[in-house]
Amino acid sequence: MGSWMHLCCAEDSTRRSNITIGKDFQPLQNGEVTLMYVVIHSYETNYWTQVTISIHNSLHPLDNWKLSREWNRNEFIHAMKGAYPSAIDSTYCIFGKQGVHYKEMDFSNALNCERRPTIIDLPPTMASNSDLGMIPFCCRNGTILPPTMDQTKSVSAFQMQVFKMPSEFNRTQLIPPQNWKIMGEVKQDYQCAPPVRVSPIRFPNLIRLSSESTAIASWQVVCNKIESEGATPRCCVSFSAVFNDSIVPCNTCACGCKSSPSNICSASVPALLLPSEALLVPFENRTRKTTQFAKLHNRPLPKPLPCGDNCGVSINLHLNTDYEDCWTARITLFNWDEIDIVDWFAALQFDRAAPGIQTMYYFNGSAHPGITANNTIFMQGKPGLNYLLRGKSISG
């Protein structure tokens, strides 16, 4: 037979909490990309930290992210989980101050001793690896999506073991690296502010998954996208219709041209109309089809011919039907770049048609939740159609 005990509690208004919030802690800030540098274990000579990368903007993902920062006190990375240095190099430790102090350490096991190492993500196949994975939100092949696209994929995380030098030997002597920089594969560059000390955050406890642990120390780094002068687009749009045999191509040099193009092509001549089959091949293979199509329709050919659009990705909007109160269209994405695009998505702005979009096939499509004007359609591939491979196309 069991027993019961009832306990009643009353608040003591005169009692003061022994949990204090340091005066030096700053509130969390907003930014397009935020980084959290969180110390989760601290020892006399080294500590383990967890780095979390989060995207907060509504349109710009990070593809194949690369993260770098500077050690100012001869620290070095001994081990990592969830990510890896782009170069494994312990030379600086062996011949530097680290080797003088850690005489008994086998530096062949150290991952990186560079002052400014670059960290890259691991592939999804390593997520369950007991040595390199098993970190929540790790191993996503460098892809971080906007939360409006997929909330579960808007964060990436990894852990690393950092060894210190004798002048910093103390469990509480914790100093984050400086001069952070994060960038993506597709011309994505961000400017990051210095790390700011914030209240220790909580993170999932890997031993007890239903509980959380409180960090020993936390810093936040806020990064915002750099809009450089003269920045060129990364994609372009062509137009076609079922009642016309000509395709209006992307503009000449839509994504930029060399500052002084050679006599082989002209950067100022408008792009030539295309036959439908020319849209399926890259620009460098279209010359014969384009010139024959122009001669067939008795259109003049400029000399030299116009340069290409030079875009890694192009989108074709093809009008299938056009009725008095509605129309249907086919949208095709072409990847002419040298990299595969994982979890692709596109945002298309329609000034008047967006509120009337009813059905989309093969793609998921809806009004973009981050645009108050309600004039932008957000599209992404359904499962199995979310990879836009190099040299391939996908339609919906």
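Predicted model: local features only at pLDDT ≥ 70, side-chain atom pairs only at ≥ 80, totals over all residues.
Is Thr214 buried, partly exposed or exposed? Thr214 is partly exposed, because its relative accessible area is 48%, and the classes run from buried (under 20%) through partly exposed to exposed (over 50%), computed with a 1.4 Å probe on protein chains only. Thr214 belongs to strand E12 (residues 212–214); here strands (E, at least two residues) and helices (H or I, at least four) are DSSP runs, numbered from the N terminus.

Residues are numbered from 1 along each chain as its sequence is written, and side-chain values use heavy atoms, with hydrogens and water left out.

Let us turn to the aromatic rings. A ring pair is described by the distance of the centres and the angle of the planes. Rings of Phe, Tyr and Trp (its six-membered ring) pair if their centres lie within 6.5 Å, and planes under 30 degrees apart count as stacked, over 60 as edge-to-face and the rest as tilted. The structure holds nine such aromatic pairs. One of them joins Tyr37 and Trp180, which is edge-to-face because the planes stand at 75°, with the centres 5.7 Å apart. This pair links distant parts of the chain, as Tyr37 is in strand E1 (residues 33–42) and Trp180 is in strand E8 (residues 178–184), 143 residues apart. Both Tyr37 and Trp180 are buried. Elsewhere, ring pairs link Phe76, Tyr102, Phe107, Phe163 and Phe169 into a cluster.

A charge sits over a ring if NZ of Lys or CZ of Arg is within 6 Å of the ring centre and within 35 degrees of the ring normal. Arg197 lies over the face of Trp219 in this way, at 4.9 Å from the ring centre.

Next come the nonpolar cores, sets of buried Ala, Val, Leu, Ile, Met, Phe, Trp, Tyr and Cys residues joined through side-chain atoms within 4.5 Å. The largest has 30 residues, of which Trp65, Leu67 and Ile182 touch the most other members. Among the elements that give two or more residues to this core are E1, strand E2 (46–55), strand E7 (155–163), E8 and strand E13 (217–225). Another core of 15 residues lies apart from it, and its members include Ile315, Leu317, Ile377 and Ile394.

On a 1 Å grid over the protein atoms alone, a cavity is a set of points where a 1.4 Å probe fits but cannot get out, and lining residues have an atom within 4 Å of a point. Glu70, Trp71, Arg73 and Pro176 are among the residues that line the largest cavity.

Some backbone details deserve a look too. Most residues other than glycine have a negative phi, and most peptide bonds are trans. Asn141 has a positive phi of about 60° although it is not a glycine, and its place is in the loop between strand E6 (118–121) and E7. Asn179, also not a glycine, has a positive phi of about 55° and lies in strand E8. The bond from Lys303 to Pro304 is cis, with omega near -5°; Pro304 lies in the loop between helix H3 (287–296) and strand E15 (313–322).

Finally, visit Asn57, in the loop between E2 and strand E3 (66–70). Asn57 is buried, because its relative accessible area is 9%. Its C-alpha atom is 9.9 Å from that of Ser154, 97 residues apart along the chain.

How values were computed:
1 Å grid on protein atoms, 1.4 Å probe; cavity = no way out; pocket = protein on both sides within 12 Å on 5 of 7 lines; lining within 4 Å.
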